[in-house]
Structures are given as C-alpha cells and as structure tokens.
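Hello,

Here is the structure I promised to pass on to you.

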Amino acid sequence: MDESIIGEKMFECLIMGDSIAVGTKMFKPECTLVGKGGINSYQWVNAHITKTPFAAKTVIISLGSNDHQYVKTESELRTVRANTKADRVYWILPAIKPNIQEIVKKVAAEYGDVVLPITSLQPDKIHPSWAGYKDIAEKTK
C-alpha cells in the first residue's frame with residue numbers, strides 16, 4: 001500500500017457503516033469503528049467522506065440495510081469504495097433487500113473485494129446473531 005496516499009495514520013483494521021458494523025466491532029475490538037446504528041449509505045457518505053481516503057490494512061464495510069428507494073445506493077457505495085484504500089476489503093452482505101445485495105456484490109466484484117453473507121440471524125432477520133457476528137469476525141482475520 002502506498003503510504004503517501006493515506007496521510008500520517010494508517011489503521012490495522014477499520015469497520016465502517018451501520019448497526020451491523022457497530023455489532024461487528026464488539027467481536028473485533030482491535031478495529032476502529034466509523035459507524036452508527038440506523039444510518040443509510042447516503043447519510044454515511046455525507047457524514048464521513050472527505051478528501052482524505054479511509055485507509056487500513058483491513059476494512060470491513062456494512063452499508064445498504066437502511067437504504068430506501070430515495071437513496072442512490074450504487075452511487076453511494078461506489079463513493080465509499082473509491083475513498084477506501086486497503087490491502088483487503090470485506091463487505092457484509094445485507095440480509096434483506098435483494099436489489100441492494102446485488103449492488104453490494106457488483107461493487108465488491110469490481111474491486112476484487114470479499115463479500116460475506118450473514119450466516120446466522122437474530123429474530124429480526126436483519127442483524128447477525130452472536131454466532132453470525134463471530135463468523136464475520138473469524139472470516140475477516
């Protein structure tokens with residue numbers, strides 16, 4: 001990774017996104033979190049994207065679950081990914097919204113990133129169960 005493009009601070013691990021990102025942080029305490037429950041892709045981009053890219057050896061992104069018809073998800077996720085510099089990027093696949101799932105897969109594929117489906121869900125059928133979060137943590141080592 002070109003250290004000159006990331007400024008003075010490079011993270012080992014960075015988790016970015018929504019409540020699923022917040023939950024993932026609980027199982028990856030070594031990571032830095034830039035996330036908030038309930039946030040959609042548009043809100044996240046407008047709150048966090050600056051001229052300095054997010055940089056880390058490992059980046060985990062969870063966005064899209066809170067997007068609705070007025071969010072231009074593909075454009076927002078492309079903005080997130082274009083402003084992310086990492087050795088390895090993982091996308092947590094939303095458990096809902098098949099159209100959003102396809103967008104996440106498409107953007108990830110274009111960058112050679114890894115897409116992680118949620119393997120075990122809470123009763124709300126949206127968030128990972130504790131086993132689901134543990135699985136994500138294991139697969140992002």
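**What I found**

Serine 41 is buried, with a relative accessible area of 0%. Please keep in mind as you read that this is a predicted model. You will find serine 41 in helix H2, which covers residues 41-48. Which residues does serine 41 touch, leaving aside those up to four places away in sequence? They are Leu63, Gly64, Asp67, Val71, Glu76 and Leu77.

Now step back to the chain as a whole. The protein chain has five helices and five strands. If you follow the chain from the N terminus, the elements run β-α-β-α-β-α-β-α-β-α. The C-alpha trace spans about 45 × 35 × 25 Å along its principal axes. A compact globule of 141 residues would have a radius of gyration near 14 Å, and the protein chain agrees with that, at 14 Å.

How much of the chain is buried? Buried residues account for 44% of the 141 residues. The accessible surface of the protein chain comes to about 7,200 Å², and carbon and sulfur atoms hold 53% of that surface.

Next comes the disulfide. The count for this model is one disulfide, and the bond joins cysteine 13 to cysteine 31, with an S to S distance of 2.0 Å. Cysteine 13 sits in strand E1 (residues 11-17), while cysteine 31 is in the loop between helix H1 (19-27) and strand E2 (32-35), so the pair ties together parts that are 18 residues apart in sequence. Is the disulfide right-handed or left-handed? The torsion about the S-S bond of cysteine 13 and cysteine 31 is about 75 degrees, so this disulfide is right-handed. Both cysteine 13 and cysteine 31 are buried.

Most residues other than glycine have a negative phi. Lysine 97, however, has a positive phi, near 60 degrees. Lysine 97 is in the loop between strand E4 (84-93) and H4, and counts as partly exposed because its relative accessibility is 26%. Lysine 125 has a positive phi as well, near 65 degrees. Its place is in the loop between strand E5 (114-117) and helix H5 (130-139). Is lysine 125 buried or exposed? With a relative accessibility of 54%, lysine 125 counts as exposed.

Last, please find glutamate 102 in helix H4 (residues 98-111). Glutamate 102 is partly exposed, with a relative accessible area of 48%. How far apart are glutamate 102 and threonine 140 in space? From C-alpha to C-alpha they are 21 Å apart, and in sequence they are 38 residues apart.

Happy exploring!

Definitions and conventions: Residues are numbered from 1 along each chain as its sequence is written. This is a predicted model: local features need pLDDT of at least 70, side-chain atom pairs count only at pLDDT 80 or more; totals for chains, interfaces and linings use all residues. Side-chain values use heavy atoms; hydrogens and water are left out. Helices (H or I, at least four residues) and strands (E, at least two) are DSSP runs, numbered from the N terminus. The radius of gyration is taken over C-alpha atoms; the globule rule is 2.2 Å times the number of residues to the power 0.38. Buried means under 20% relative accessible area, exposed over 50%, partly exposed in between (1.4 Å probe, protein chains only). Accessible areas come from the Shrake-Rupley method with a 1.4 Å probe; for residues, only the protein chains shown count as cover. A disulfide is a pair of cysteine sulfur atoms within 2.5 Å. Contact means heavy atoms within 4.5 Å.
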